[in-house]
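User: Hey, I'm new to this one. Can you walk me through it?
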Amino acid sequence: EEGREKKRSYTSQLISIYDFLGVAYALVGNKTDAQKIANSLQNVSITDINVMNGPPKYSALARIYMALQEYDNALRAIRNPAAKVTGLITAFFDQTFQEIPNLYILSKSLYETGNIKEAKEGYDQLLGHPQIEQIGGIYWIVLLDRAMIALSEGQKTAAEDMLKKAIDVIEKQRSSINSEAGRIGFVGDKQTVYAELTVLLLADCRYAEAFAYVERAKARALVDLLASQKDIKIHGGKTEQIKTTLSELNKAENDLTFVAQAQNKEGQSKTRSIVLALKKDLQEKVPELASLVSVTTPSTAEIQSMIKDDETLLEYYSAGKEWYVFILTGKTIVAQKLPVLDLGNNIDALRKNITTRNLPEFNQYSRTLYRQIFALVAPSIKTKKLIIVPHGPLHYLPFAALSDGEEYLIDRFSIRMLPSAGILSFLQERMKQEDLGALIFGNPKLADPKYDLKFAQEEALAIGKMIPNSKVLLSSDASKTNLQTLGSKYFIIHLAVHGVFDLDKPLNSALLLSADRNNDGLLRAADLYNLSLNADLVTLSACETALGKVATGDDVVGFTRGFLYAGARSLISSLWQVDDEATRDVMVNFYTNLSKMSKDEALRQAQLKAKKQYPHPYYWAAFLLTGSAL
């Protein structure tokens, strides 16, 4: 009997390990090893285990197949008698969470394999369960799928209500929702909910409401990215008090991640209310930080109030394969569906022809993209200034070089970019201060001589002579330590340095500064959330500094958001590795213009001058202004 008990214990532990490993492999994209684990789990014998109390082998298999999105296999596993889910459960209102994951797996697998009628019954049972709201990682997906079923039945109002409820569930949490969903082997794309609701609202011409949800989608993407970012600089006073609140918030959220195993409903409600109270506390004490821990966006009307009379804002948004553009002025908002086909491939081809300097081919793709994303918009633009909020692959597009066949956009408009329209209010709050000069870094000393940037050094020295009260740091002095120590004391920060990019972990992307005894010289995007600046302008005269991971919800993170959070009002960056000499010329002309005109126009005039000298857009179109134009 003792030997049998040991064997049961061993088998139970083995199934638990396989369960954990299989789901983990699948969720990180290692399908081969996840499949091997599933095969091994299939071969585990449970004949000597008391099925009622033993390990749920078939539930574990179903979770792995869910994570692999092999719904046929998940359905077969969860319907195995040993999984204890032989059909839709009718005597269901168990006051614990025990049945929710299995019924969810069954219902989701039915839905994904086209068994809509049965899936609908299962989803309705889940939505009626008294504990479903406590498991956000399942609840929002159930609401999304049930809304799509309602849409297919022509019930638009019911679908809209469920999608809005799903978004509320998603936005009440920061990171715990991923942990919950991970345990059942399925992490859905939260951005799908925003996209489906946006399309629904646009179909009714409810432009302002649709736009608000697009902005909330972008804020959610940032929250998801920064959920694990523990070391964030608190600007202003009450530092210790706010750090304590943040620490308490992390603990409360971690408590919530175990909610599916909890039995105490009162405890769950208490934890959730603590989280909401702490977020409200942060919102009041430090609005900047609150935007990093919860979804907070200004209303459409507030955003419009910050668009000046001489500006038009274009915000692009993709919902699946469909593309839309919102056109905003201070008083009007409309949206249009765009005639987009192969957008990503066209942008890739355009960028390829940038690097090969093939002007006829470049102009062909430039005109194609103009027709797809700008031609329909052009007649409604009455201003000379554009604010562009890109989405997805459009972050990689040099808008300045789009051509109607006769001229480029840069010939007609000054252009500035924003990661989201809501950031306008954040930028507006920063009052312009007295000129504190410029901190200029040029050609840091790196380990390999091949990284030497001769013209970057010339550029730094030339700009240093143009701006009063400048401090120019070259070679070993152009260090990360000096930037962290001196950065808050200057009005302009100019970094003529290299950049490296990690598309899978965007917060690891870095600018290469000189190393010293204190650090390795890598200024990572993640470091910017712990940097304090008072800069009106940060210029990243480096290669590809505007790039970063394009997430589905967006915000190409790159360094843009980080520098804006750190205290910069605006940022100049580049989309590709620009010729060292041409970069120097554009930068020197930009700073020459800056004393006489706004930043967007100063950059435009510098680009137009470079265009005369170097006609190919490779030399001048890479440079972007993000943030404030004034």
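User: What share of the contacts in the protein chain with a separation of 6 or more comes from residues 24 or more positions apart?
Analyst: They account for 74% of those contacts, where contact means heavy atoms within 4.5 Å. This is a predicted model: local features need pLDDT of at least 70 and side-chain atom pairs count only at pLDDT 80 or more, while totals for chains, interfaces and linings use all residues. Residues are numbered from 1 along each chain as its sequence is written, and side-chain values use heavy atoms, with hydrogens and water left out.

User: How many helices and strands are there?
Analyst: The protein chain has 24 helices and 14 strands. Both are DSSP runs numbered from the N terminus: helices are H or I with at least four residues, strands are E with at least two.

User: And how much of it is buried?
Analyst: Of the 630 residues, 57% count as buried. Buried means under 20% relative accessible area, exposed means over 50%, and partly exposed is in between (1.4 Å probe, protein chains only).

User: Let's look at a helix. How far does helix 6 reach?
Analyst: Helix 6 covers residues 116–128, and its 13 residues reach 18 Å from the first C-alpha to the last. That is close to the 18 Å expected at 1.5 Å a residue; the expected span is 1.5 Å times one less than the number of residues.

User: Which of its residues are buried in helix 6?
Analyst: Ala-119, Gly-122, Tyr-123, Gln-125 and Leu-126 are. They sit on the same side of helix 6, because they cover an arc of only 155° around the axis. The arc is that of the directions from the helix axis to the C-beta atoms.

User: Why would residues three or four places apart point the same way?
Analyst: An α-helix has 3.6 residues a turn, so residues with that spacing point the same way.

User: What do the buried residues of helix 6 pack against?
Analyst: Helix 5 (100–112) and helix 7 (136–152).

User: OK, switching to rings. How many aromatic pairs are there?
Analyst: The structure holds 9. Rings of Phe, Tyr and Trp (its six-membered ring) pair if their centres lie within 6.5 Å; planes under 30 degrees apart count as stacked, over 60 as edge-to-face and the rest as tilted. One of the pairs is Tyr-316 with Phe-399, which is tilted, at 5.8 Å centre to centre and 40° between the planes.

User: Where do Tyr-316 and Phe-399 sit?
Analyst: Tyr-316 is in strand 1 (residues 311–319), and Phe-399 is in the loop between strand 4 (385–389) and helix 18 (409–412). The pair links distant parts of the chain, 83 residues apart. Tyr-316 counts as buried because its relative accessibility is 0%, and Phe-399 is buried too, with a relative accessible area of 1%.

User: What about Tyr-408 and Trp-620?
Analyst: Their ring centres are 5.4 Å apart and their planes are at 65°, so that pair is edge-to-face. Tyr-408 lies in the loop between strand 4 and helix 18, and Trp-620 in the loop between helix 24 (599–613) and strand 14 (623–627), so the pair ties together parts 212 residues apart in sequence. Both residues are buried.

User: Which rings form a cluster?
Analyst: Ring pairs link Tyr-370, Phe-374 and Phe-413 into one.

User: What does Leu-397 touch?
Analyst: Not counting residues up to four places away in sequence, Leu-397 touches Ile-347, Leu-350, Leu-369, Ile-373, Leu-402 and Leu-575. Leu-397 is in the loop between strand 4 and helix 18, and counts as buried because its relative accessibility is 1%.

User: Ile-347 and Leu-350, which helix are they in?
Analyst: Both are among the buried residues of helix 16. Those buried residues pack against strand 2 (322–328) and helix 17 (359–373).

User: What comes just after helix 16?
Analyst: Arg-357, with a positive phi of about 60°. Arg-357 also lies over the face of Tyr-618, at 3.6 Å from the ring centre. A charge sits over a ring if NZ of Lys or CZ of Arg is within 6 Å of the ring centre and within 35 degrees of the ring normal.

User: Last one: Gln-69, buried or exposed?
Analyst: Gln-69 counts as exposed, because its relative accessibility is 55%. Gln-69 is in the loop between helix 3 (57–67) and helix 4 (71–78), and has a positive phi near 60° despite being a residue other than glycine.
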